[in-house]
Amino acid sequence: MAMEAIRQVTQTEQEGQRLRDEAAAAARQTLAQAEREGKAALEEARKAAGEQAKELLADAEKQAAKSTERAIDEARQDCDELIRAARARLDKAASFIVERVVNE
């Protein structure tokens, strides 16, 4: 009877060790799978962030181009206005110069 009890205890210990080994192997597999999935999710997030950054940069460049174009148009209008004003005073300036030259 004692031998049977020893055999049962030994069997139970072996079964317990087998279950612990299986649980450890399953835990390692779960951890490895979680790491793979985590790395894949991280890579996907990086890729998405990169794409979003490209889109934001493209939008910023478009806005900058529009702003630059508006500034150029405003400057061009200001120049045209100055030219018109200068042309309007050109005859008066020429008359003034002729008068000064003649009077001297």
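Predicted model: local features only at pLDDT ≥ 70, side-chain atom pairs only at ≥ 80, totals over all residues.
Hi everyone. Before I show you anything, one definition: a residue is buried under 20% relative accessible area, exposed over 50%, and partly exposed in between. With that cut-off in hand, E4 at 42% counts as partly exposed.

How many does the structure hold? There are 5.

Let's begin with E4. Its side chain meets that of R7 in a salt bridge, at 3.2 Å from N to O. Both residues lie in helix α1, which covers residues 2-103, and they sit 3 residues apart, about one turn of the helix. R7 is partly exposed too, with a relative accessible area of 49%.

Now move along to E51 and K54, whose side chains meet in a salt bridge with an N to O distance of 3.9 Å. These two are also in helix α1, again 3 residues apart and about one turn of the helix. Is K54 buried or exposed? K54 counts as exposed, at 56% relative accessibility, while E51 is partly exposed at 39%.

Next comes D73, which forms a salt bridge with R76; the closest N and O atoms are 3.5 Å apart. About one helical turn separates the two, because they are 3 residues apart in helix α1. For accessibility, R76 is partly exposed at 48%, and D73 is partly exposed at 32%.

And which residues are joined into one network? E15, R18 and E22 are, through salt bridges that share partners.

Note on methods:
Residues numbered from 1 in each chain as written. Heavy atoms only, no water. Salt bridge = Lys/Arg side-chain N within 4 Å of Asp/Glu carboxyl O. Helix = DSSP H or I, 4+ residues; strand = E, 2+ residues; numbered from the N terminus. Buried < 20%, exposed > 50% of the residue type's maximum accessible area, 1.4 Å probe, protein only.
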